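Me: I want to know what stands behind the labels in a structure description. Please set each value against its cut-off.

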Amino acid sequence: MTHTPIRFGIIGCAGIALKVSRAILCAPNATLSAVASRSLHKAADFAKSNGFPPEAKIYGSYESLLDDPDIDAVYMPLPTTLHLKWAVLIAQKKKHLLTEKPVALNVAEFDEIVRACKENGVQIMDGTMWMHHPRTRKMEEFLQDKQRFGQLKTVNSCFTFFTDLGFLKNDIRVKPDLDALGALGDAGWYGIRSILWAADYELPKTVTALRGAVLNEAGVILDCGLQCTGRMAKKQPSIALS
């Protein structure tokens, strides 16, 4: 059986889009059909440096790409503060959405994005890659095998990375007007997602922020931790994230 490749368009030329665009090119069921930036020159350079097919379209505005009838799905690697606006527009244009994480700044925005996708009959997926790795499926099989694993009682999750002064001053992830959640949304997303995954997505009963969070001068989180507790039964009696 043959399948028509999913025609992806990308809005925004962020660093993570370099990796994802190459992954799309490697996928047998997808192709890169267009890229858009607020700068036509930047979009053209992005396509050229990342091996886009010669027939891929180059746009100097996000709106132009969304109006393209030959695009099936849109990858959105924009700052989190822009997600609500553009995710809803993407859904209204009847295009499927692959968005970078975190999906939104808060639950209300997340719900609005999901509602727009449901109302317009399109799918939404966040770019948490490890969830789709074959190793993750094997880990899940092991966790669910009570004879081999036993009962899940505690999960500890930690995500850190080293950076330099240039990142701490200039990266969008430390700017309150671009990615206001800071390390919580960028790195904490993985830790929280892994805990929920291990607990079969059973929500905790309590969530407590730990002391000692580090914020920059603009009030954006650079380092933080939390502790969650669940019901003292089958799934997640105690969970910690740091």
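The questions below take the labels one by one.

Reply: This is a predicted model, where local features need pLDDT of at least 70 and side-chain atom pairs count only at pLDDT 80 or more, while totals for chains, interfaces and linings use all residues. Residues are numbered from 1 along each chain as its sequence is written, and side-chain values use heavy atoms, with hydrogens and water left out.

Me: Why is the pair R7 and D72 called a salt bridge?

Reply: A salt bridge is a side-chain nitrogen of Lys or Arg within 4 Å of a carboxyl oxygen of Asp or Glu. The closest N and O atoms of R7 and D72 are 2.9 Å apart, so the pair meets that definition.

Me: What makes R7 and D72 a tie between parts of the chain?

Reply: R7 lies in strand β1 (residues 6–11), and D72 in the loop between α3 (62–66) and β4 (73–76), so the tied parts are 65 residues apart in sequence. Helices (H or I, at least four residues) and strands (E, at least two) are DSSP runs, numbered from the N terminus.

Me: Why does D72 count as partly exposed?

Reply: Buried means under 20% relative accessible area, exposed over 50%, partly exposed in between (1.4 Å probe, protein chains only). D72 has 23% relative accessibility, so it is partly exposed. R7, with 29%, is partly exposed too.

Me: How do you know that K57 and D70 form a salt bridge?

Reply: Their closest N and O atoms are 3.1 Å apart. The limit is 4 Å, so the label holds. K57 lies in strand β3 (residues 57–59) and D70 in the loop between α3 and β4, so this pair ties parts 13 residues apart in sequence.

Me: What joins R7, K57, D68, D70 and D72 into one network?

Reply: Salt bridges that share partners do. The structure holds 11 salt bridges.

Me: Are D186 and K101 buried or exposed?

Reply: Both are buried. Their side chains meet in a salt bridge at 2.8 Å, N to O. D186 lies in helix α8 and K101 in the loop between β5 (96–99) and α5 (107–119), so the tied parts are 85 residues apart in sequence.

Me: Which residues is L181 in contact with, leaving aside its neighbours within four places in sequence?

Reply: P102, A104, L105 and I221. Contact means heavy atoms within 4.5 Å. L181 lies in the loop between α7 (165–170) and α8 (182–186). At 25% relative accessibility, L181 counts as partly exposed.
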